[in-house]
Amino acid sequence: MPGCRPVAGRQTRWPSFSPKGRSRSLPPTRSGRCPLERSGATGEMWFASAQSAVLTGQTEVAWLRDGIRLRGRISRSNGDLWQGTMLLISVLYVLSPDRMPAVGPGRDRFISVPFCQFVGDIYGNTGDHSGDNWSKCWLISSQTVRGGPQQSVIGTAVNTRNLINLSQGNQLQRAELPGAMAFPVALFGMNRETTRHPLTITLDLRFTFQLEGIADLAFLPYETILRLWHWTIARTSIQP
């Protein structure tokens with residue numbers, strides 16, 4: 001299976017961490033390109049574009065030759081519950097009409113099962129605080145299928161997995177990212193009118209968090225690496 005080989009991008013400069021562990025905002029959006037090998041097969045989804053958004057914390061995304069690298073941390077120091085999305089990676093794929101699978105006179109059903117490789121560790125820890133100490137993190141993966149003349153949403157799928165779950169003081173947890181990972185399966189229908197227009201699929205990966213008291217989450221001491229591939233949609237008899 002061909003790997004994801006992004007074009008060489010600028011080497012990002014990792015942010016320095018403040019002594020008090022207080023988070024700060026970083027520039028919100030960074031775009032990247034990731035040209036993949038294409039087989040030209042009927043129904044194969046081809047890479048179109050990608051972007052990442054650092055939404056909070058001292059976290060960065062770098063688009064390098066060996067994949068998409070994540071590094072950094074988010075911290076809470078003696079504070080109330082803080083929750084949100086730490087970062088988002090969004091990748092767009094397209095299937096043009098000339099490579100669409102043939103459909104019958106009615107509405108044929110299709111299945112989309114993209115895969116990625118997501119390797120690395122995430123660490124959570126809590127400190128000594130008189131109140132609650134929480135450090136929790138979830139990885140949310142999703143795909144959104146759009147098609148037809150208006151590029152309407154014709155299929156969606158979402159999966160949530162807990163990575164870090166600490167709710168007491170003075171705890172430490174290391175979680176391995178999934179490695180070879182399938183995105184949640186999306187089912188959708190297409191008719192002859194749908195196949196006259198491009199089909200697009202957006203793959204999203206986001207890390208959400210909850211921190212309270214003295215707590216921390218970090219992609220340290222090593223970077224996390226994400227690699228993506230093309231895949232092929234297939235006809236299916238599975239009903240949603």
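A salt bridge is defined here as a side-chain nitrogen of Lys or Arg within 4 Å of a carboxyl oxygen of Asp or Glu. The model is predicted, so local features need pLDDT of at least 70 and side-chain atom pairs count only at pLDDT 80 or more, whereas totals for chains, interfaces and linings use all residues. Residues are numbered from 1 along each chain as its sequence is written, and side-chain values use heavy atoms, with hydrogens and water left out.

By the salt-bridge rule, the count is five. One of them joins the side chains of Arg 196 and Glu 193, at 2.8 Å from N to O. Arg 196 is exposed, because its relative accessible area is 53%, and Glu 193 is partly exposed at 36%. Salt bridges that share partners also join Asp 121, Arg 174 and Glu 176 into one network.

Strands (E, at least two residues) and helices (H or I, at least four) are DSSP runs, numbered from the N terminus. Asp 121 is buried, with a relative accessible area of 18%, while Arg 174 is partly exposed at 46%.

A further salt bridge is formed by Arg 73 and Asp 216, whose closest N and O atoms are 2.8 Å apart. Because Arg 73 lies in strand β4 and Asp 216 in strand β13 (residues 199-228), the pair ties together parts that are 143 residues apart in sequence. Asp 216 is buried at 6% relative accessible area, and Arg 73 is partly exposed at 25%.

Lys 136, in strand β8, is buried yet has no salt bridge. The nearest side chain of opposite charge, that of Glu 212, is 8.3 Å away; Lys and Arg count as positive and Asp and Glu as negative, and His and the chain ends are not counted. The charged end of Lys 136 sits over the ring of Trp 134, 3.9 Å from its centre. For such an arrangement, NZ of Lys or CZ of Arg must be within 6 Å of the ring centre and within 35 degrees of the ring normal. Arg 99 is likewise placed, with its charged end over the ring of Trp 46 and 3.7 Å from its centre. Leaving aside neighbours within four places in sequence, Lys 136 is in contact (heavy atoms within 4.5 Å) with residues including Ile 164, Leu 166, Phe 209 and Leu 217.

Aromatic pairs were also examined. Rings of Phe, Tyr and Trp (its six-membered ring) pair if their centres lie within 6.5 Å; planes under 30 degrees apart count as stacked, over 60 as edge-to-face and the rest as tilted. The structure holds six such pairs. In one of them, the ring centres of Tyr 93 and Trp 231 are 4.8 Å apart and the planes stand at 70°, so the pair is edge-to-face. This pair links distant parts of the chain, 138 residues apart: Tyr 93 is in strand β4 (residues 67-95) and Trp 231 in strand β14 (residues 231-232). Tyr 93 counts as buried at 0% relative accessibility, as does Trp 231 at 7%. Ring pairs link Phe 47, Tyr 93 and Trp 231 into a cluster.

The remaining features concern two loops. Gly 127 is in the loop between β7 (121-126) and β8 (134-147) and is buried, with a relative accessible area of 13%. Gly 127 and Asn 170 are 43 residues apart in sequence, and their C-alpha atoms are 4.7 Å apart in space. Asn 170 is found in the loop between β9 and β10 and counts as exposed at 57% relative accessibility. Most residues other than glycine have a negative phi. Asn 170, although not a glycine, has a positive phi of about 55°.

Note on methods: Buried < 20%, exposed > 50% of the residue type's maximum accessible area, 1.4 Å probe, protein only.
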